Every structure is written in C-alpha cells, then in structure tokens.
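Work through each task before turning to its solution.

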Amino acid sequence: TNVVGVYADDIFATVVIEEKQPLIGTSRLMMMFDAKTLQLKQWTVTDAQGFDTTVAVSNLDLSTRPDPAIFTINTSKQN
C-alpha cells in the first residue's frame, strides 16, 4: 500500500492510498478530513474494477461512546 496523494484546501485535507495486487488489480482509498478539526468526514473506496463506494458521515453524537463489545469478533466455532 502506498500513499499516492495528499491534498489540502480550506474545506478538506485529503489522503489517497493505493494498493496494487498482480492478480486482482488496483484498489484506492480516498479519505477526506475536515481541514480545521481533522475529523474524518468522508471516504471513497475504488475497487479493482473501477467502481466507487462513498461513505459520508455527519451529525455525529460525540458525547457518548459505543460499547466496545460491539467491535468484538467471536472466533470460536459455532456448530
């Protein structure tokens, strides 16, 4: 994975990373941060076929924290 671009203007600071895999192709991730607070505002994933998926976040409740158990992966086998 390589950083292929870092850009900034009055609204966003943007970082673009790219990964090239011989059999799969090239994937790209563009992350856009608020230029003043550096909070992540949006990201776009470009898959090896060139299709984009964009996620934008807004109106976040920063006064509470999610339960860490939400992010726990159960690795035990289930039958």
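Two strands pair if DSSP finds at least two bridges between them, and strands themselves (E, at least two residues) are DSSP runs, numbered from the N terminus. This is a predicted model, in which local features need pLDDT of at least 70 and side-chain atom pairs count only at pLDDT 80 or more, whereas totals for chains, interfaces and linings use all residues. Residues are numbered from 1 along each chain as its sequence is written, and side-chain values use heavy atoms, with hydrogens and water left out.

**Exercise 1.** Determine in which order the five strands form the open sheet, and which strands stand at its edges.

*Solution.* Begin with the pairing, which is antiparallel and gives an open sheet in the order 1-2-3-4-5. Strand 1 (2-8) and strand 5 each have a single partner strand and stand at the edges, so one side of each is left without a neighbour in the sheet. Neighbouring strands of this sheet are, on average and with direction ignored, turned by 15° against each other, where the axes are lines fitted to C-alpha atoms and angles run from 0 to 180 degrees between N-to-C directions.

**Exercise 2.** Describe how strand 3 is joined to strand 2 and to strand 4.

*Solution.* On one side, strand 2 (residues 12-21) is joined to strand 3 by ten bridges, with Val15 opposite Met31 and Ala13 opposite Phe33; three residues lie between the two strands of this hairpin.

**Exercise 3.** Identify the side chain with which Thr46 makes a polar contact.

*Solution.* First place Thr46 in strand 4. Its side chain makes a polar contact with that of Asp52 at 2.6 Å, the term denoting a pair of N or O atoms within 3.5 Å, of which, within protein, one must be able to donate a hydrogen and the other to accept it, while residues adjacent in sequence count only if both atoms are side-chain atoms.

**Exercise 4.** Decide whether Leu38 and Asn59, two non-glycine residues with positive phi, are buried or exposed.

*Solution.* Leu38, with phi near 60°, lies in the loop between strand 3 (25-34) and strand 4 (40-46). Asn59, with phi of about 50°, lies in the segment after strand 5 (52-56). Buried means under 20% relative accessible area, exposed over 50%, and partly exposed in between (1.4 Å probe, protein chains only). Leu38 therefore counts as exposed at 55% relative accessibility, and Asn59 counts as exposed at 80%.

How values were computed
Helix = DSSP H or I, 4+ residues; strand = E, 2+ residues; numbered from the N terminus.
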